[in-house]
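The following note sets out, point by point, what the coordinates of this entry show. It is meant to be read beside the model.

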Amino acid sequence: MAADPGTLFGRAGGKSMIDRFGRTIQYLRLSVTERCTLRCVYCRKEEGFCPKAAELSRNDFFRIAQVCAQLGINRIRLTGGEPLLRRDIVEIVEDLATIPGIEELTMTSNAQMLAENAARLKKAGLTRINISIDSLDAKKYKELTGGELSAVLAGIDEALRVGLLPVKLNMVLIKGVNDEEVDDLIALAKERPLDVRIIELMPMAELGQDRSLVVNNQDLIAARPYLKPVPSRYAGQPSQDFTIDGYLGRVGFISPIYHRFCSTCNRVRVMSDGMLRPCLGNNMEVSLKNALLKSDEDLKAIIRETIVQKPAGHHFETGFESHKSMAEIGG
Ligand code: SAM
């Protein structure tokens with residue numbers, strides 16, 4: 001049953017924000033830039049990105065995060081684009097790590113520049129990191145992303161060394177391109193605390209519109225009976241998680257197409273240009289830029305009103321076309 005629209009119930013030390021479908025919204029994805037070091041085949045558009053000068057400032061992100069924490073957000077993930085392209089990324093992490101009520105501060109990165117930054121990020125207060133790695137073959141990785149696999153591997157080593165644990169590795173599968181690498185990816189979870197996750201291709205840019213390229217994660221799970229289901233590590237996590245006897249890391253499947261998780265979605269996104277997007281798979285957005293010039297109460301009011309409008313779920317299966325790529329929205 002749907003809750004009252006916009007109901008705010010008290011909870012210890014603050015409030016919680018419940019949308020009209022009864023979902024408690026606790027997770028903010030903050031996209032700090034649309035700029036990226038890579039050109040992943042399933043992600044990038046070549047033009048129309050928010051220029052650096054139009055990106056929100058370090059202080060804007062701090063205010064938004066602070067106000068969101070007061071509204072019940074307790075987890076923040078920094079993403080983009082590539083968050084490490086922001087020159088002030090360590091300072092942004094430092095700021096957000098001081099906000100009362102934020103229990104977890106994480107990042108998604110392509111790890112091209114992680115090896116040299118992991119220690120500073122950890123020291124600034126980053127809790128853990130997700131790393132995208134779409135192939136374990138250097139040549140194929142280059143073809144798919146334009147980047148260097150060796151840099152990603154160095155970034156993984158350093159993230160493990162400094163303790164950004166568990167390090168999660170994300171692979172987006174494209175049928176006939178990298179789907180034969182699933183078991184190689186899973187093998188990485190054997191001897192190190194690496195959680196590996198296989199993600200279904202979403203229709204967020206041109207390539208993803210071709211549904212014949214989507215690999216059904218449920219088929220992958222069914223073909224691997226040695227995967228033992230375990231509860232997710234974190235509330236509201238979208239993945240179906242598994243362990244394998246003798247493995248240090250876990251295996252997760254994120255299946256927005258064939259095992260949708262909208263009914264438990266607890267997240268909203270704020271983009272680097274100040275747009276608030278309550279649902280990845282719905283083009284509805286509201287700008288926070290004007291509200292940033294006003295009081296915290298005004299900012300809170302617009303965030304609350306927008307979150308109440310969070311749609312029930314995406315419509316990926318019926319030809320939804322995102323106006324923006326994941327790099328613009330923040331993956
Ligand atoms: N630059 C960072 C990175 O590469 O991880 C963060 C941004 S990236 C847009 C975040 C995540 O979105 C990545 O794991 C990427 O693989 C995923 N992603 C982008 N487009 C996607 C699509 N069409 N379907 C599924 N996942 C996608």
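**Note on the predicted model**

1. The side chain of Arg86 reaches the backbone oxygen of Val32 at 3.2 Å. This is a polar contact, that is, a pair of N or O atoms within 3.5 Å; within protein, one must be able to donate a hydrogen and the other to accept it, and residues adjacent in sequence count only if both atoms are side-chain atoms. A polar atom of the Arg86 side chain also lies 2.9 Å from the backbone oxygen of Leu56.

2. The model is predicted: local features need pLDDT of at least 70, side-chain atom pairs count only at pLDDT 80 or more, and totals for chains, interfaces and linings use all residues. Residues are numbered from 1 along each chain as its sequence is written, and side-chain values use heavy atoms, with hydrogens and water left out.

3. Arg86 sits in the loop between strand 5 and helix 2; helices (H or I, at least four residues) and strands (E, at least two) are DSSP runs, numbered from the N terminus. With a relative accessible area of 7%, Arg86 is buried. Buried means under 20% relative accessible area, exposed over 50%, and partly exposed in between (1.4 Å probe, protein chains only). Not counting residues up to four places away in sequence, Arg86 touches Val32, Thr33, Arg35, Glu55, Leu56, Ser57, Arg58, Phe61 and Ile92, where contact means heavy atoms within 4.5 Å.

4. Thr33, one of the residues touched by Arg86, belongs to strand 4. Thr33 counts as buried because its relative accessibility is 0%. Its side chain and that of Glu55 are joined by a polar contact of 2.5 Å. Beyond neighbours within four places in sequence, the contacts of Thr33 include Gly81, Glu82, Pro83, Ser272 and Ala327.

5. Strand 4 as a whole is mostly covered, with seven of its seven residues buried. Strand 4 runs parallel to strand 5, to which six bridges join it, and Arg29 stands opposite Arg77 of strand 5. Strand 4 is also parallel to strand 13 (residues 267-270), through four bridges; there, Leu28 has Val268 as its bridge partner.

6. These strands belong to an open sheet of twelve strands with mixed pairing, in the order 10-11-12-9-8-7-6-5-4-13-14-15. Two strands pair if DSSP finds at least two bridges between them. Strand 10 (228-230) and strand 15 (286-287) each have a single partner strand and stand at the edges, so one side of each is left without a neighbour in the sheet. An antiparallel pair is formed by strand 11 (residues 240-243) and strand 12 (residues 251-254), joined by three bridges; Gln240 has Phe253 of strand 12 as its bridge partner.

7. Helix 2 (residues 89-97) has Ile89, Val90, Ile92, Val93, Asp95 and Leu96 as its buried residues. Their cover includes strand 4 (27-33), helix 1 (58-70), strand 5 (75-80), strand 6 (104-109) and helix 3 (118-124).

8. Which residues touch the most other members of the largest nonpolar core? They are Ile76, Leu78 and Leu96, in a core of 94 residues. Helix 1 gives the most to this core, with seven residues. A nonpolar core is a set of buried Ala, Val, Leu, Ile, Met, Phe, Trp, Tyr and Cys residues joined through side-chain atoms within 4.5 Å. Leu78 touches, among others, Leu30, Val32, Ile89, Val93, Leu96, Leu105 and Met107, not counting residues up to four places away in sequence.

9. The ligand is surrounded by 19 residues, of which the closest are Tyr42, Gly81, Glu82, Ser132 and Met202; a residue is near a molecule if one of its heavy atoms lies within 4 Å of it. A polar backbone atom of Gly81 is 2.9 Å from a nitrogen atom of the ligand, and a polar side-chain atom of Glu82 is 3.0 Å from a ligand nitrogen atom. An N or O atom in the side chain of Ser132 lies 2.5 Å from an oxygen atom of the ligand. Of the 550 Å² of accessible area that the ligand has on its own, the protein covers 95% (Shrake-Rupley method, 1.4 Å probe; for residues, only the protein chains shown count as cover).

10. Glu200 lies in strand 9 (residues 194-200) and is buried, with a relative accessible area of 1%. The side chain of Glu200 reaches the backbone nitrogen of Asn217 at 2.9 Å.
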